[in-house]
Every structure is written in structure tokens, then in C-alpha cells.
Amino acid sequence: MYCKNCGKFLNDGVKFCPGCGTPVGSSIPATPQSNPKPAAKQPYQPSYAPQMYVEKKNGAGLAALILGILSIYFGVYYCVIPIIGLIVSIAGMVQRKNCNRWNGVAVAGFVINLLFFIGWAIVWIAVGPIILTLIGFAA
């Protein structure tokens, strides 16, 4: 069925024409709209949700590098700082997949901590018994 006023196709069961608003089945013609009001312009909405770029930094890698630098001087204290630095640098290297900054410092921290752990361990193995004997701790 078509509207008698504007000629628009009408679905079954409608009571008013969607084009001009004339009641369907009525013999009263509605005044045709010569200049229908245009629909309000909708703001642009992208088809995807914009995502903010979050820069993730590898804090464990930076901490490992700092501990590696500290182990240069403080590794003499039973190699504790290089051991902690090795643990933190391993954690930093595990986090490399999720971070996009400071990933190289995790590897650098690992290398520095490993070198100074080995170096201070050799010093303690070679010189430690002599020092302990001199200060009276060895039997």
C-alpha cells in the first residue's frame, strides 16, 4: 500500500505515513510538507574505540642497573647487593615483553651484577680466609 498524500510505501499495520504523517486509511489529506526539516547532524563517532597510549617503563630493569652500579663498591659485603641485583634483573628481563621503555637496562643490570658477583666471590674465596684469620674468626 502507498500513501495517498506523498506516495511513500507503507508497511502493513501502520497508522500514520512515516514520510508525511498523514493518517493511513483517512480521507483527510494532510498538508504536504514542502520543506521538511532536515535531521540533526550527528557528531562523528569512530567505528572503533580510541585507545590511549600508555608508556610502560621497566622499573625492575632500572633498579637492577642501579644495584649493579652499587655492587661495584658494596659487593665486598658478602656479595649481597650483586645477588639482589641478579634477582631484580631477572625479574626485569621477564617484564620486557610488557614494557616499552628501559628494557635494555635490565640486561645491562644483569651483566653488571653477574660480573661483580663473580669478581667479589673470587675475592672472598681468595682473600676471605686470610682476613678472617687476621681478625680472629677462624679457628
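Of the 139 residues in the protein, 20% are buried. The structure is a predicted model. Its accessible surface amounts to about 10,700 Å², and carbon and sulfur atoms account for 67% of that area. The secondary structure consists of three helices and zero strands, so that the pattern read along the sequence is α-α-α. Among contacts between residues at least 6 apart in sequence, 57% join residues that are at least 24 apart.

Helix 1 comprises residues 59-74. Its 16 residues should span 22 Å at 1.5 Å a residue, and the C-alpha atoms at its ends are 22 Å apart, in agreement with that expectation. The buried residues of this helix are Ala-60, Gly-61, Ala-64, Leu-65, Leu-67, Gly-68 and Ser-71. Because these residues cover an arc of only 165 degrees around the axis, they lie on the same side of helix 1.

Ser-71 is located in helix 1, and it counts as buried because its relative accessibility is 0%, where the cut-off for burial is under 20%. When neighbours within four places in sequence are left aside, the residues in contact with Ser-71 are Ile-81, Pro-82, Asn-113, Phe-116 and Trp-120.

Key
Residues are numbered from 1 along each chain as its sequence is written. This is a predicted model: local features need pLDDT of at least 70, side-chain atom pairs count only at pLDDT 80 or more; totals for chains, interfaces and linings use all residues. Side-chain values use heavy atoms; hydrogens and water are left out. Helices (H or I, at least four residues) and strands (E, at least two) are DSSP runs, numbered from the N terminus. Buried means under 20% relative accessible area, exposed over 50%, partly exposed in between (1.4 Å probe, protein chains only). Contact means heavy atoms within 4.5 Å. Accessible areas come from the Shrake-Rupley method with a 1.4 Å probe; for residues, only the protein chains shown count as cover. The expected span of a helix is 1.5 Å times one less than its number of residues. The arc is that of the directions from the helix axis to the C-beta atoms.
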